[in-house]
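Colleague: I have some questions about this model. Can you take me through it?

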Amino acid sequence: MLNRPIAAATQKYHQLLRERRRVFKVAKRRGSYIVLPIERPNRAGIIPPNWNYGSKAGGQPDEASGHINASLALAARLAKNRGWKLHYLSALVMKECIEDAGATFDDERDAAPELCEDRGEGRPGYFAAYERLRQDECPGNKAWECRAHLENRFLLMKLPGTIEWLKGKRPDVVVYCPIWNRIGQIAACVLDIPHVAIITIAGFGGFHKILSEFIAPEGATIDDFRDLYLKSDTNKAAIRELCSPPYNLDASLFEEGAPVYYFGLQPDCAPYGKTLGSHALVTTIPSLRDPIYDSMEEEDKLYKEKCGSKLHYVGPMLGEPGQQRASTHKAAWSAEERELLMKQTEQAHRRRSMLRPGRNEDLIGIVEAAKARGRRVVLVSLGTVVTSDRAAFGWKGMGLGESITGKELVQAVIGGVIDALGHFSSSIQDSVKADNSSLPLLVCACGQQPDALEGLVLPPNSICRASVPQGDILRCMDSTDLFVHHGGQNSTMEGGYAGVPVVVCPTFSDQPVNAAKLVALSVGLKVDRPTKSGPEAVESYRKQVEEDAVETIVVQEESFSAAASKLKGEIARSGGEEAAEAILLAAIEEGV
């Protein structure tokens with residue numbers, strides 16, 4: 001463990017070590033003491049994106065499933081190949097997939113019980129704790145205003161518990177998400193522990209535009225946010241405390257890294273200010289990054305000078321076949337929703353496509369059998385946000401402006417794929433015959449909402465589930481198949497790694513940018529989210545998915561397949577978990 005020699009916590013820690021009568025090597029580096037147990041395995045403390053901010057007007061937490069999956073693949077490799085002890089501080093819904101990776105799960109609420117006390121409505125996680133703070137101290141303020149005032153204040157409130165958690169685990173390196181959970185880096189800086197960021201987007205060149213789009217619906221600009229952040233007395237007081245004993249953090253961590261995605265306060269700053277540490281893993285490849293400069297050399301120089309960071313483009317981290325991944329989460333089920341789910345399942349055409357299948361279902365076996373018969377496999381998976389309870393971007397939300405709802409979008413995409421490639425029959429028993437035919441196999445992930453299949457009539461050659469093992473299904477697919485997705489970073493890279501042509505139906509954030517890149521590479525086509533609402537917009541969107549995208553790719557299969565195969569070869573050389581493992585070892589060796 002690394003700690004500041006003059007801190008009271010260090011004295012207490014060394015006393016504890018003496019009481020346990022353990023043998024340690026002690027060295028001195030840059031004025032700090034390195035205390036390493038002899039012949040013990042390396043340990044990593046992983047603080048993933050375990051909470052979100054949401055909307056003050058309502059909505060439920062999105063547990064950032066897409067941002068945690070890359071870390072799970074890396075954790076599983078380190079546990080299996082090197083015998084590392086991996087510890088996660090995360091939300092309860094992530095427990096199962098974390099433990100499946102061979103790591104230990106610790107509930108975020110136990111690290112900060114004073115934030116997560118039960119006030120009668122149930123014990124909240126960090127998300128609800130932040131909402132309470134907003135309600136207590138920013139009543140009536142807009143979301144961006146609360147972020148400017150309170151984010152560093154909330155970080156200060158989480159810091160003691162996170163530091164104590166890290167002290168108890170004694171990690172050699174901290175792995176964290178700089179987008180959703182900067183507390184990992186801040187706590188590691190206080191304890192002088194090497195830390196490495198995992199960045200699950202394609203870079204920061206387009207982030208100014210994305211952030212502007214997030215703030216604009218509330219009538220604000222990036223400049224408005226920057227000005228309030230700098231002027232807020234609440235924020236300045238929190239920064240002063242973070243930069244004073246016992247934390248003694250460098251002011252540049254907060255003055256050059258603002259709360260909204262920690263976007264640099266100056267236009268010429270690298271977008272993440274001082275939030276990345278010396279090493280950062282980026283889950284893309286150089287040619288698919290969102291560049292600040294066209295030249296990689298110039299961009300590397302910028303990050304080094306402005307951030308003190310080296311970005312490593314390691315590509316997708318996929319994990320082993322069969323490894324569990326974080327998936328879509330529904331915050332709560334009402335009695336009415338449970339009743340609706342049962343009614344949906346009872347309908348005849350649902351027997352083939354239940355939201356909650358039996359435990360013994362072998363979906364991968366079905367896909368492998370289809371490929372063995374030469375059938376085309378079409379996978380539809382639109383991410384975890386659009387099917388969630390998030391107010392703006394979830395099931396009932398319309399995004400950042402007028403559009404169709406998340407439910408309408410998901411059902412229109414699935415409906416468009418069915419219109420193009422579904423084969424109907426009057427008997428549900430024909431599903432068995434469909435498995436033995438040459439018909440395309442349609443595998444659709446539609447989320448856990450109880451009305452996900454409402455109004456959809458599913459053909460025998462389709463299977464719909466709340467969630468599917470996306471990575472494992474893509475491993476079975478090739479350039480003759482089709483992947484319909486939302487343009488999220490994980491799906492973009494996983495589809496590219498599999499060499500599968502795509503139809504991209506982006507919804508928000510970096511997804512339209514990723515979609516445009518894939519179209520430019522001739523790997524697939526995109527269908528943009530409508531800018532109007534209502535039945536006509538839904539029907540038009542469904543028709544676009546069917547005719548302008550799916551049918552076009554099927555007709556022009558050869559050219560799209562060739563481009564997808566080329567991209568597959570490039571991504572295969574990126575390194576993935578193996579490259580990430582080497583970078584973690586280098587960070588430990590360097591002590592930064």
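Colleague: Which residue follows α7, with a positive phi?
Modeller: This is a predicted model. Helix α7 spans residues 183-191. Its phi positive, near 60 degrees, the residue that follows α7 is Asp192.

Colleague: What share of the residues of the chain count as buried?
Modeller: The chain has 22 helices and 16 strands. Its accessible surface comes to about 24,200 Å², with 50% belonging to carbon and sulfur atoms. Of the 592 residues, the share that count as buried is 57%.

Colleague: Among contacts between residues at least 6 apart in sequence, what share join residues at least 24 apart?
Modeller: A contact here means heavy atoms within 4.5 Å. Among contacts between residues at least 6 apart, the share joining residues at least 24 apart is 70%.

Colleague: How many residues apart are Arg376 and Glu557, which meet in a salt bridge?
Modeller: The side chains of Arg376 and Glu557 meet at 2.9 Å, N to O. Arg376 lies in the loop between α14 (363-372) and β11 (377-381), while Glu557 is in helix α21 (residues 557-572). The pair links distant parts of the chain, and the separation is 181 residues.

Colleague: Is Arg376 buried or exposed?
Modeller: Glu557, its salt-bridge partner, has 26% relative accessibility and counts as partly exposed. The cut-off for buried is under 20%. Arg376 is at 17% relative accessibility, so Arg376 counts as buried.

Colleague: Which residue forms a salt bridge with Lys407 at 3.0 Å?
Modeller: Lys407 sits in helix α15 (residues 406-421). The partner is in the loop between β12 (441-445) and β13 (462-465), 44 residues apart from Lys407. With the closest N and O atoms 3.0 Å apart, the partner is Asp451.

Colleague: How far apart are the closest N and O atoms of Glu454 and Lys407?
Modeller: Glu454 is in the loop between β12 and β13, and Lys407 is in helix α15. The two are 47 residues apart and link distant parts of the chain. They form a salt bridge, and the closest N and O atoms are apart by 2.6 Å.

Colleague: Which of these counts as partly exposed: Lys407, Asp451 or Glu454?
Modeller: Lys407 has 17% relative accessibility, so Lys407 counts as buried. Asp451 is at 15% and counts as buried. At 35% relative accessibility, the partly exposed residue is Glu454.

Colleague: Which residue is linked with Arg77 and Arg82 in a network of salt bridges?
Modeller: The structure holds 24 salt bridges. Side chains of opposite charge can pair when their charged atoms come close. In the network with Arg77 and Arg82, the other residue is Glu581.

Colleague: How many disulfides does the structure hold?
Modeller: Cys138 is in no disulfide. The cut-off for a disulfide is sulfur atoms within 2.5 Å. The cysteine sulfur nearest to that of Cys138 belongs to Cys146 and is 3.7 Å away. For the structure, the number of disulfides is zero.

Colleague: What is the relative accessible area of Cys138?
Modeller: Another cysteine, Cys97, counts as buried at 4% relative accessibility. Cys138 is buried too, with a relative accessible area of 3%.

Methods: Residues are numbered from 1 along each chain as its sequence is written. This is a predicted model: local features need pLDDT of at least 70, side-chain atom pairs count only at pLDDT 80 or more; totals for chains, interfaces and linings use all residues. Side-chain values use heavy atoms; hydrogens and water are left out. Helices (H or I, at least four residues) and strands (E, at least two) are DSSP runs, numbered from the N terminus. Buried means under 20% relative accessible area, exposed over 50%, partly exposed in between (1.4 Å probe, protein chains only). Accessible areas come from the Shrake-Rupley method with a 1.4 Å probe; for residues, only the protein chains shown count as cover. A salt bridge is a side-chain nitrogen of Lys or Arg within 4 Å of a carboxyl oxygen of Asp or Glu.
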